[in-house]
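Good morning, and thank you for coming. I would ask you to look at the chain on the screen while I describe a few of its features.

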Amino acid sequence: MTTGLAPAPVQAAGDLRAGSSSRLPGLDGMRGIAILAVLTFHLNSQWLSGGFLGVDIFFVISGFLITSLLVKEHRWTGRIDLRSFWTRRARRLLPALLTVVVLTPLLAQSVQRDLLVGIGRQVFGALTFTTNWVEIAAGSDYFHATSPQLLMNLWSLAVEEQFYLLWPLVMVLLLTRVRRPLTRAAIVGGLGLTSALLMAVRLNPDAPTRVYYGTDTHLMGLMLGAALAIAFASSARAGTRSALWTRHRTRLLAAAGVTLGALLVFLDESSPLTFRGGILLASAATAVLVLGAVDRPGRLRTFLLTPSLAWIGQRSYGIYLWHWPVILLIDADQSTQSAGPAYLWSRAWAVLVTMAIADLSFRFLEPPVRRLHRFHHLAVRP
């Protein structure tokens, strides 16, 4: 069994200039929580049974940030430069992704060749950003896999990449054809609710992989984040300027935090409730927390700005890419039982190796590629 998670940092909504380092305060901390949840779940699902919801936390953050960028660009320039947007996404995602796709099969070949079963299909899915649909077509059973797949965690990256490809086109239509921001937000929120309804209706409790992997049935987090971004960019600032929000803000954020925490601890991936409201509820709670983090300073933002949490969040894309292959490779190499000191040491070693690789990628691979003159020129060219 494996899960995936959405890719991490995009440029903050506060500045569209190429090379800007400004970020929305607190969202790196939210990414940190998301990746820690998924990492814990993958190390041992019994340690955090709902940790797979970290994927949905990432979806909400990504939907919010990407849509914020598009709305601001349209407001400032009167248009959306699609070529520049897609180029920025490519230079953000591709270098680290290609490194993983090339190196992990080579490492698996030297450790245990059984990990290479189906690797051709997995590499094809990774390089075409279609891992989720490729695995659906192959009949993969995500929740009861008999042999773990080396690159299976890329299913959620595929969902995100499909979102990056199509969503700017949808936003062009919304921004040019729908006048009122709140109407736009309602339409986008409706798309999210429709996706959640499709997940609930199409669920086969004995084989939930289709609704979990499907872009159509797992859009609710991205759409709720996008709807929040549209509403937050309006004069009403998603209601945060109202007396009602001011009066109940602390209680709403506390309720959202408790709800998300409880779902992470108690929700079970084998329960139909996960797919019939659980993922939607986690996404909604995350949206409230995102709003509280970007709205104004407070206890929530202070917590999310904790240096260690922000450090992890800044490297969450590399952690996302490497953590699952590293766990599989270490398990294959050490062959420890799921208990005892040796097993705990293997889990600790997996965390250490993952963090080290992610930090190296963050320092020496991802930023240099983003700063290449050729890519910079393409990103800002009209």
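Let us begin with Phe129, which is partly exposed because its relative accessible area is 28%; buried means under 20%, exposed over 50%, and partly exposed in between, with a 1.4 Å probe and protein chains only. Phe129 sits in the loop between α4 (119-128) and α5 (131-137). Although Phe129 is not a glycine, its phi is positive, at about 60°.

Before going further, a word on the source: this is a predicted model, in which local features need pLDDT of at least 70, side-chain atom pairs count only at pLDDT 80 or more, and totals for chains, interfaces and linings use all residues. Residues are numbered from 1 along each chain as its sequence is written, and side-chain values use heavy atoms, with hydrogens and water left out.

A second residue with a positive phi is Ala238, which is not a glycine and has a value near 60°. Ala238 belongs to the loop between α9 and α10 (243-266). Is Ala238 buried or partly exposed? Its relative accessibility is 24%, so Ala238 counts as partly exposed.

Now to the chain as a whole. How many helices and strands does the chain have? There are 16 helices and zero strands; both are DSSP runs numbered from the N terminus, helices being H or I with at least four residues and strands E with at least two. The chain has 382 residues, and 54% of them count as buried. Among contacts in the chain with a separation of 6 or more, 78% are between residues 24 or more positions apart, where contact means heavy atoms within 4.5 Å.

Let us turn to one pair of helices. Helix α6 (residues 155-177) packs with helix α9 (residues 220-232) at an angle of about 40°, and their axes are 12 Å apart. These axes are lines fitted to C-alpha atoms over the stretch in contact, and angles run from 0 to 180 degrees between N-to-C directions. Which residues meet here? From α6 come Val159, Glu160, Phe163, Trp167 and Met171, and from α9 come Leu222, Met223, Ala226 and Ile230. By class, this contact of α6 with α9 has eight nonpolar, no polar and one charged residues.

Two further residues deserve attention. Ile327 lies in helix α14 (residues 316-334), and it is buried because its relative accessible area is 1%. Leaving out residues up to four places away in sequence, Ile327 touches His42, Leu43, Arg347 and Ala350. For Ile327 and Ala350, which are 23 residues apart along the chain, the C-alpha atoms are separated by 5.6 Å.

Ser308 is found in helix α13 (residues 307-314). Ser308 counts as partly exposed because its relative accessibility is 48%.

Finally, the confidence of the model. The average pLDDT of the chain is 89, and 89% of the residues score at least 70; pLDDT is the predictor's confidence in each residue, from 0 to 100. Over residues 1-22 the pLDDT stays under 50, and the model has 97 contacts beyond four places in sequence for them. Residues 373-382 also have a pLDDT below 50, with 17 contacts beyond near neighbours in sequence. Where pLDDT is low, the predicted coordinates should not be read in detail.

Definitions and conventions: Nonpolar A, V, L, I, M, F, W, Y, C, P; charged D, E, K, R; others polar.
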